[in-house]
Amino acid sequence: MKNVICGPVWKPADKEYPSLEGDIERDVVVIGGGMAGYLTAFMLSREGMQVTLLEADRLFSGTTGKTTAKISCNQGTIYGDLMHRYGRSVTSLYYQAQKDGEETLLGLMDEFGMNCDCETVDSYIFAKENCRELDKTYKALREVGAECSLDGTVKIPGAKLALRFREEHVFDPIKFLSALPVEFEIFEHTRAVNVEEETKKIICDHGTITARTIVIATHFPILSPLGGYVFKLHQSMSYTFALNKRLTDDAYLSTDESGLSLRPYAGGTIAGGGDHRTGRHKKCRLGKLREAVATLFPDAEITHFSCAEDVMTFDGMPMAGQYTKSTQNIYVITGFNKWGMTNSAVCARLVTDMIVGKENPYIELFKPYRHIPKSFCLFLRNALVNVAGILRAYLRPRLRTAADIKPTTGEIVRYRGKRRAVYKDEDGKLHVIGRMCPHMHCELEWNPDARTWDCPCHGSRFDIDGNIVAEPTTKACRYEKDEQKK
């Protein structure tokens, strides 16, 4: 895509912070500088806690910096699913949690007089074919008292029915977070590569931190295999285009597999979609998304392109609270299922309340080790995908060599007698890394849309030189230099 900026439309944070050098001791350490981790550090500091925040790269550079940033209770078909799985009480509580998250974010905007491009929009979830799930969701929402309506005249070609919420919001998440007062310590470019459960020692690239309390808000939890999160979660990729024209004043999301998403922003329109499980790239999702955007808006030009991952749970609700039943003073926040704005605010408040000893209505709802009814088949399928990713590394023959790879393409081939992950750039130079994800040794897959090496098991991602793009891995994927010299 010529003349397209490969990066999100949101401008990165201006202020930079130092990296950790040496060994220190601290009271509370939050690992992860995205929306959830940053809000947790902010809320804890307001409670009088001494807080240190660690970020492996720059603040907000992960999914937070690539989100479509909708502050919305209108979240696909989750309410119908929750009603079927849990019943009215849980569905009602989840809806109230989203309202609370919405109020928290808007309240902070008012309190600090933020200019974060927040706009009031109507939010639509629309269906092009099967409207039954949308109807179930509408009935579930009405049963829990939500003010919403069904609309058969939505302005999207082919849409048959839409679920409409009035007066929801879109905003710039980086401007929002950057406007919050910083009354806590921050280290950037400081990756936590290991956490010792008993001693509460966090091993980083160039030092250690011994903490009393730890919050792991690293998108996908990095403390494995503790808690079994590798079996309870998976990651989903999606892609986003920014367009140079404002083509809608409202927010839209499709219920179909592509998950087409639209929203306005100050300089134009953001279009997203092409969802698929990380590491599975067989259906040219990006090409289909580009075609859909071109069909809807033939006169608009793409200015930015980015991709992001979201952590998915079996029941569509986040996991926040104690890392495990028996783990003391280690907390986790994860699993936003593509609705990270309201859920970040709710989960940050929940974990803050737990640490300072306050009551919170959502502790049981979002408990990470909760029982999820009707989830056995989902658990089994997730486990089989993980096992298949490991076995494939040993059973799949690799007969092609680096000479067979086309430029700007990656493939696992034989390189100097061994199977390696090899990318060939425009000039024919080879970028060679190990073919196995360091996290749990699944074989990587090439993502031609993002030009990254992705793990199909747990969603770790690496650039063409093996540097970490996304967790849960805490180790880069290298090809030993001494072997390259042979």
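Reader: Is Cys 204 buried or exposed, and what is its relative accessible area?

Author: Cys 204 is buried, since its relative accessible area is 6%. Buried means under 20% relative accessible area, exposed means over 50%, and partly exposed lies in between (1.4 Å probe, protein chains only). Please note that this is a predicted model, in which local features need pLDDT of at least 70 and side-chain atom pairs count only at pLDDT 80 or more, while totals for chains, interfaces and linings use all residues. Residues are numbered from 1 along each chain as its sequence is written, and side-chain values use heavy atoms, with hydrogens and water left out.

Reader: How many disulfides does the structure hold, and which residues form a disulfide?

Author: A disulfide is a covalent bond between the sulfur atoms of two cysteines. Here the term applies to a pair of cysteine sulfur atoms within 2.5 Å. The structure holds 1 disulfide, formed by Cys 442 and Cys 457, whose sulfur atoms are 2.0 Å apart. The link of Cys 442 and Cys 457 is left-handed, with -100° about the S-S bond. Cys 442 lies in the loop between strand 21 (430-433) and strand 22 (445-447), and Cys 457 in the loop between strand 23 (452-454) and strand 24 (461-462), so the pair ties together parts that are 15 residues apart in sequence. Helices (H or I, at least four residues) and strands (E, at least two) are DSSP runs, numbered from the N terminus. Cys 442 counts as buried at 1% relative accessibility, and Cys 457 is buried with a relative accessible area of 1%.

Reader: Which residues of helix 7 are buried, and why do they line one face?

Author: An α-helix has 3.6 residues a turn, so residues three or four places apart point the same way. In helix 7, the buried residues are Arg 285, Leu 286, Leu 289 and Val 293. Seen down the axis of helix 7, these buried residues fall within an arc of 100°, so they line one face of the helix. The arc is that of the directions from the helix axis to the C-beta atoms. On the other side of helix 7, Lys 288, Glu 291 and Thr 295 are exposed. The buried residues of helix 7 pack against strand 12 (234-243), strand 15 (268-277) and strand 16 (302-312), where contact means heavy atoms within 4.5 Å.

Reader: How many aromatic pairs does a search of the whole structure find?

Author: A pair of aromatic rings is described by the distance of the centres and the angle of the planes. Rings of Phe, Tyr and Trp (its six-membered ring) pair if their centres lie within 6.5 Å; planes under 30 degrees apart count as stacked, over 60 as edge-to-face and the rest as tilted. The search finds 16 aromatic pairs. For Tyr 79 and Tyr 95, the ring centres are 6.0 Å apart and the planes stand at 75°, so the pair is edge-to-face. Tyr 79 belongs to helix 2 (residues 78-85) and Tyr 95 to helix 3 (residues 88-111). Tyr 79 counts as buried at 0% relative accessibility, and Tyr 95 is buried at 9%.
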